[in-house]
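Please look at the sequence and the 3D structure shown below before you read on.

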Amino acid sequence: MRFFAFSAGVAILVFGLKFFNWLPLMIQVDSMRGYRDLEEVRGALQVKTIFVPSYFPQHLSWPPSRILAQRKPFPAVIMEFEKMTSKDTMLLISQSTSEDFLPEEKIRLIQVEENVTYSLKGREALLRVGVCQRNEPCSGISWKEGEYKIQVLAISTPFELIRIAESMLR
Amino acid sequence: MEFSAFLNSYPGSYIVQSFYHSVIATAIVEIAIKAWGIRNPKVRQRLLLIVIIFPIFSFPVYQIINPQRSSVYFRLESLLDSSRWLDMELWGVVPIQYGFFLMFFLTAVIFLFQELVPILRHTYESKGSGISGERAEEHSVMAQAWKDLPMEKTDIFVLEDDDVVLFSTTGRKGSIYLSSGLLRVLDKEQVRAAVAHEFAHVIRSRQPLLVILFLFRIIMFYNPIVLMEFRRIVQEDEKICDDFAVSLTRNPNALADALRKLYITEEEGMQGKTKNLMTEMEALELYSHRLNIESRIARLGIGAPNAGDNGWFATGLTIVVVLVMNYFIV
């Protein structure tokens, strides 16, 4: 009986916390949350520029499988792209005005084999090549574009990654 | 450094998450106390210790277990994301995080002036104690009162003072001091109970556990939840000492009467004072003190039953729930 009373109390606490977690999303519309498409992000957050690649490898599905964005405490957009044939995230593009914002959980370079500076259409970019979680070869590139720091991570060769990154710039 | 940047740094995350973790731990401990109807002060104190000790280690340990715990993705799936509240702005202007830091700052100030300084002063005064009084064994009238109590290695002194004074100094060679004024107010059985209670404090102060606990408490100097829960632990300590005194004297009524005479009647003097913020705060503190004393007196009247297994099952389960749930509080 006492165990059940304790369990019921904990269950009420969990529901209370979920409500407490949901409440700020209702009050402050520009905190980090998911969006259906980029138009919705532009409309809701008044983000003028969202960097999207014009070159897109055929094995990836369009539109992004997940879009996360916020305006506060700093503007940030994350786009995830899955493989056409599975639910695996193969490409992750993020842009943010904060230098510390690095959403690397879905594609994380666990072993960096090469870390070089690369001239990306005249911008100084940092190119990293290595191995990701499931021992797959992956690469990442990041650079400053105006007020944004852009990061592109892909489970692919650096050549394809650079093509994607270059297609984001005019 | 900008505030938001500080919050995302390791020390900032530590401060914020330790606060949130202590809030959740307090709620779970409270649920356990209510669900099991725990009245034993030792078990209650043990449960409250979780609130003091757990937040010190929770954030670093969770980060070692999962370094990605503070990432955007983990936060989105978490049970409670502290940054959602911290990043909010009241009326789109005032960031809530400033309110949080004001709360932490005020707690630190209260801790400094109400806990750390008085304790350091007490420790210093206890060491170089210049208090002189008549040794209890030389005090003809009342020496009989505590003659049969097993108070080896503890000196008892009677001070010539008309005020009601009763206190003990801590450390290896703790002493108990009481005034001649107190001996006039209390009868022999009540003095015996009061001295036995102070003796319990002396005995407990010899345990290094309490010193370690206070050191832990210092680490959480900014945490208002720890501030409140530490005070509850101190109140539970009083109840533990009451139980110890009763186990020596076998007379709970005498201790209850002593408490009533020493603390309840003494506080009536507040009435009739001019009202201002200071006197209101003083009155509030006295009221809270009075509630504590009354709850101790009530306890002595009904006796405190122990939990069947000394509350170990409740404690174990509470620790597990606190550990698991707080992992998802970022």
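**A residue to start with**

B:S4 is partly exposed, because 19 other C-beta atoms lie within 10 Å; a residue counts as buried if 20 or more other C-beta atoms lie within 10 Å of its own, as exposed if 12 or fewer do, and as partly exposed in between, with C-beta atoms placed from the backbone. This is a predicted model, in which local features need pLDDT of at least 70 and side-chain atom pairs count only at pLDDT 80 or more, while totals for chains, interfaces and linings use all residues. Residues are numbered from 1 along each chain as its sequence is written, and chains are lettered from A and ligands numbered from 1 in the order in which they are written.

**Chain B and its helices**

- Chain B contains 13 helices and 6 strands, where helices (H or I, at least four residues) and strands (E, at least two) are DSSP runs numbered from the N terminus.
- Of the 330 residues in chain B, 35% are buried.
- Helix 2 (residues 10-36) of chain B has 27 residues and reaches 37 Å from its first C-alpha to its last, close to the 39 Å expected at 1.5 Å a residue; the expected span is 1.5 Å times one less than the number of residues.
- Just after helix 2 of chain B comes B:G37, which takes a positive phi of about 55 degrees.

**Nonpolar cores**

- The largest nonpolar core has 41 residues, and B:A25, B:I28, B:V29, B:A32, B:I50 and B:V51 are those with the most contacts inside it; such a core is a set of buried Ala, Val, Leu, Ile, Met, Phe, Trp, Tyr and Cys residues joined through C-beta atoms within 7 Å.
- Helix 2 of chain B supplies the largest share of this core, 12 residues.
- Leaving aside residues up to four places away in sequence, B:V29 touches B:L47, B:L48, B:I50, B:V51 and B:T318, where a contact means that the C-beta atoms of two residues, placed from the backbone, lie within 7 Å.

**The sheet of chain A**

- In chain A, 8 strands form an open sheet in the order 1-2-3-4-8-7-6-5, with antiparallel pairing; two strands pair if DSSP finds at least two bridges between them.
- The edge strands, each pairing on one side only, are strand 1 (33-35) and strand 5 (111-120) of chain A.
- Strand 3 (residues 76-82) and strand 4 (residues 89-96) of chain A pair in the antiparallel sense over 7 bridges, and A:M79 has A:I93, in strand 4 of chain A, as its bridge partner.

**A:I164 in helix 3 of chain A**

- A:I164 is found in helix 3 of chain A, and this residue is buried because 21 other C-beta atoms lie within 10 Å.
- A:I164 touches A:P53, A:Y55, A:V152 and A:A154, not counting residues up to four places away in sequence.
- From C-alpha to C-alpha, A:I164 and A:K121 are 12 Å apart in space, and in sequence they are 43 residues apart.

**Where the chains meet**

- The contact takes 25 residues from chain A and 24 residues from chain B.
- Helix 1 (residues 2-27) of chain A gives the most to the side of chain A that touches chain B, with 14 residues.
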